[in-house]
Amino acid sequence: MPFQMHTTPIEGLLVIEPKVFADERGFFMESFKASDFAAFGVTQNFVQDNHSKSKKGVIRGLHFQRAPHAQGKLVRVVRGSAWDVAVDLRKDSPTFGRWYAQVLSADNHLLFCIPEGFGHGFLALEDDTELLYKCTTEYDKPSDGGIRWNDPDIHMVWPEIGVSPILSAKDAALPLLKDCVL
């Protein structure tokens, strides 16, 4: 199989390591193959692709969509690097409110598989960092939600990168988890 699946301390979150074929010309890799993902239990149907570009210090998130439009995501970085994070928002989960982060980069080729029921965000570690991510449902504005990136109850430790965080007005005004409608 061209993928290695790595579990995380939070059930459902996976870090995926693709097989990369590199030579003097560059590299080739399969970033998604439904049959190989299904062999590891990842059977979501991805219906929308998103692409974002951010400069160093940009924090996007922590975003989610409420049911019935909850989104699972398959995230990868194609340029630069990002500290990508997911927060468990599944109310019945033993890890509710816990987070897990993974550095994704154009060099390490890792993918982060985030199922429905998680908040998602990232910090761009370099200028011109580009993320591509597949989503299991299309964006639905009325279902849009988020929690504040620095919620003290989540105890998330963001990496120091030598610049102040850059947030959109929307992300800076997101509620704390305790005040959020999930």
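This is a predicted model: local features need pLDDT of at least 70, side-chain atom pairs count only at pLDDT 80 or more; totals for chains, interfaces and linings use all residues.
1. Six-stranded sheet. Six strands make up an open sheet, and their order across it is β1-β2-β10-β7-β12-β5. The pairing is antiparallel. The edges are formed by β1 and β5 (48-54), each of which pairs on one side only. From one strand to the next, the twist averages 25 degrees.

2. Pairings within that sheet. Strand β1 (residues 3-7) runs antiparallel to strand β2 (residues 14-18), and five bridges join them. In this pair, H6 of the chain stands opposite V15 in β2. Further along the order, strand β7 (residues 73-79) pairs with strand β12 (residues 129-135) in the antiparallel sense, over six bridges. There, L74 has K134 in β12 as its bridge partner.

3. Five-stranded sheet. A sheet of five strands is also open and antiparallel, with the order β9-β8-β11-β6-β13. Its edge strands are β9 (99-105) and β13, and each pairs on one side only. Neighbouring strands are turned against each other by 25 degrees on average, direction ignored. Inside the sheet, four bridges connect β6 (residues 59-65) and β11 (residues 118-124), again in the antiparallel sense. A glycine faces a glycine here: the bridge partner of G61 is G121 in β11.

4. Strands of a sheet pair through backbone hydrogen bonds, in a parallel or an antiparallel way. In a regular strand, side chains alternate between the two faces of the sheet. The reader may wish to keep this in mind when looking at the side chains.

5. The β1-β2 hairpin. Six residues lie between the two strands of this hairpin, and G12 takes a positive phi near 100 degrees. T8 also belongs to the loop between β1 and β2. With a relative accessibility of 12%, T8 counts as buried, because the limit for that class is under 20%.

6. Surroundings of T8. The side chain of T8 has a polar atom 3.0 Å from the backbone oxygen of I10. A polar atom of the T8 side chain also lies 3.1 Å from the backbone oxygen of L13. Apart from neighbours within four places in sequence, T8 is in contact with L13, L14, V15 and Y100. P18 is 10 residues from T8 in sequence, and the C-alpha atoms of the two are 17 Å apart.

7. Salt bridges. The structure contains seven salt bridges. One of them joins R25 and D23, with the closest N and O atoms 2.6 Å apart. R25 is exposed at a relative accessible area of 74%, whereas D23 is partly exposed at 34%.

8. The D128-R79 pair. The side chains of D128 and R79 form a salt bridge at 3.9 Å, N to O. It links distant parts of the chain: D128 is in the loop between β11 and β12, R79 is in strand β7, and they are 49 residues apart. D128 is partly exposed, with a relative accessible area of 30%. R79 is partly exposed as well, at 42% relative accessibility. Both residues take part in a network of salt bridges that links K53, R79, D128 and E130.

9. The D144-K170 pair. D144 meets K170 in a salt bridge, at 2.7 Å from N to O. This pair also links distant parts of the chain, with D144 in strand β13 and K170 in helix α2, 26 residues apart. K170 is partly exposed, with a relative accessible area of 43%.

10. D151 lies in the loop between β13 (144-146) and α2 (169-172). What is the nearest side chain of opposite charge to D151, and how far away is it? It is K178, at 7.1 Å. A salt bridge needs nitrogen and oxygen within 4 Å, so D151, though buried, has no salt bridge. The side chain of D151 does reach the backbone nitrogen of L177, at 2.6 Å. Not counting residues up to four places away in sequence, D151 touches L176, L177 and K178.

Note on methods
Residues are numbered from 1 along each chain as its sequence is written. Side-chain values use heavy atoms; hydrogens and water are left out. Buried means under 20% relative accessible area, exposed over 50%, partly exposed in between (1.4 Å probe, protein chains only). Lys and Arg count as positive and Asp and Glu as negative; His and the chain ends are not counted. A polar contact is a pair of N or O atoms within 3.5 Å; within protein, one must be able to donate a hydrogen and the other to accept it, and residues adjacent in sequence count only if both atoms are side-chain atoms. Contact means heavy atoms within 4.5 Å. Two strands pair if DSSP finds at least two bridges between them. Axes are lines fitted to C-alpha atoms, for helices over the stretch in contact, and angles run from 0 to 180 degrees between N-to-C directions.
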